Amino acid sequence: MKKPICGLCSGKRVSFYKYENAYKILKCESCNVKFLPQEELNKINLKTLYSKKYFKTKNKIGYENYLNAEKIHRRNFQRIIKKVLKKRLNKTTKVCLDFGCAHGFLLDELRKKNITATGIEISKTARLYAKKKLKLEVYEKIQDLGNRRNVYDAIFLIGVVEHLKLPKEIFTRLLKLMKHEGTLCITTLDCEGVFPFFSYKPPEHTFYFSHSNLIKILLRCGFSKISYKTLWVEYSVFDIVFRIFHYFNLKNHIKILAPIQKAFSELTLKIPTNEIILFAEKYDHR
Ligand SMILES: [Zn+2]
């Protein structure tokens with residue numbers, strides 16, 4: 001069998017890390033990323049994985065009920081948009097791309113600010129919702145954007161990079177799509193962050209980044225002026241309890257959550273997470 005190389009930095013010093021959900025996870029000794037090797041990625045059918053039940057499930061993989069939490073998602077996206085616009089204070093922001101836009105709530109929030117926004121979404125159920133219900137421009141794959149170049153002022157990758165099969169290739173494509181002085185905004189789990197509590201969940205998550213290896217790969221792909229900070233996210237109290245139950249493997253007790261969900265359905269908390277929000281810019285050498 002071919003010796004595996006790092007799916008991120010192409011480094012050759014790669015070791016076995018662990019098995020999870022019957023998937024093999026490797027660790028790169030050079031950049032420290034944990035990732036699924038090619039033969040494991042080949043097993044994953046993204047279209048099946050992100051079917052309707054991904055967005056409404058009692059399983060560990062996916063969302064308890066994505067659409068029910070629409071208001072919360074929108075408020076979190078509004079906060080992220082505000083941060084990006086603040087970063088771009090002296091630059092105009094008219095045309096944006098949301099890669100992995102799900103049902104299109106971030107795109108819709110951008111549209112409310114008179115920003116033209118296009119989305120990419122592999123999940124058919126989420127994409128059709130964005131297109132039909134919200135009347136947004138959403139494509140299935142990045143290739144569907146054709147030969148667009150230097151088009152977008154800002155590109156969003158919100159909770160997406162950890163799901164990708166080929167993150168480096170996507171970063172390179174996004175750089176080309178972005179205008180000179182464009183801003184890339186990424187949120188993802190930071191495995192070397194202040195709160196390193198997270199679960200390995202292949203096939204949903206394929207790459208487990210840290211701020212340091214994410215910065216390194218973005219620089220290598222041609223981005224510059226990179227900065228990041230801890231992301232504060234608004235969660236429903238029920239969702240927090242739901243995640244804690246799964247973290248401690250208490251899924252047999254999940255029945256008792258129903259009354260909690262009923263009582264606290266509207267209650268939310270803004271908490272610091274193990275995720276970071278990272279900004280990177282594009283500067284053409286002119
Ligand atoms: Zn590596």
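**Figure 1. Surroundings of helix α3 in the predicted model.** The buried residues of helix α3 are covered by elements that include α4 (105–111), β7 (152–158), β8 and β10. The structure shown here and in the views below is a predicted model. Helix α3 comprises residues 70–87, 18 residues in total, and its first and last C-alpha atoms are 26 Å apart, close to the 26 Å expected at 1.5 Å a residue. H73, N76, I81 and V84 are buried in α3. These residues lie on the same side of α3, because they cover an arc of only 140° around the axis. K82 and K86 are exposed and are carried by the face of α3 turned away from its buried side. As a general rule, an α-helix has 3.6 residues a turn, so residues three or four places apart point the same way.

**Figure 2. The protein as a whole.** The protein contains 9 helices and 11 strands. Its radius of gyration is 19 Å, close to the 19 Å given by the globule rule for 286 residues, so the protein is as compact as a globular protein of that length. The C-alpha trace spans about 60 × 50 × 35 Å along the principal axes. Buried residues make up 35% of the 286 residues. Among contacts with a separation of 6 or more, 68% are accounted for by residues 24 or more positions apart.

**Figure 3. The open sheet of 7 strands.** The order of strands in this open sheet is β6-β5-β4-β7-β8-β11-β10, and the pairing is mixed. Strands β6 (137–139) and β10 stand at the edges with a single partner strand each, so one side of each is left without a neighbour in the sheet. From one strand to the next, the twist averages 20°. In general, strands of a sheet pair through backbone hydrogen bonds, either parallel or antiparallel.

**Figure 4. Parallel pairing of β4 and β5.** Strand β4 (residues 95–99) runs parallel to strand β5 (residues 116–120), and 5 bridges join the two. F99 has I120 of β5 as its bridge partner.

Figure 5. Strand β11 (residues 268–281) is joined to strand β8 (residues 178–189) by 7 bridges, and the two run antiparallel. L189 is bridged to E275 in β11. Strand β10 (residues 224–236) also pairs with β11 in the antiparallel sense, over 10 bridges. Here V233 has I271 of β11 as its bridge partner. Helix α8 (residues 237–247) lies across β10 and β11 and runs at about 100° to β10.

Figure 6. Most residues other than glycine have a negative phi, and most peptide bonds are trans. The peptide bond from P202 to P203 is cis, with omega near 5°. P203 is placed in the loop between β8 and β9 (207–208). A102 is not a glycine, yet its phi is positive, at about 50°. The loop between β4 and α4 holds A102. A102 counts as buried because it has 27 C-beta neighbours inside 10 Å, the cut-off being 20 or more. K225, also a residue other than glycine, has a positive phi near 45° and is placed in strand β10. With 12 C-beta neighbours inside 10 Å, K225 counts as exposed.

Key. Residues are numbered from 1 along each chain as its sequence is written. This is a predicted model: local features need pLDDT of at least 70, side-chain atom pairs count only at pLDDT 80 or more; totals for chains, interfaces and linings use all residues. Two strands pair if DSSP finds at least two bridges between them. Helices (H or I, at least four residues) and strands (E, at least two) are DSSP runs, numbered from the N terminus. Axes are lines fitted to C-alpha atoms, for helices over the stretch in contact, and angles run from 0 to 180 degrees between N-to-C directions. Two residues are in contact if their C-beta atoms, placed from the backbone, lie within 7 Å. The expected span of a helix is 1.5 Å times one less than its number of residues. The arc is that of the directions from the helix axis to the C-beta atoms. The radius of gyration is taken over C-alpha atoms; the globule rule is 2.2 Å times the number of residues to the power 0.38.
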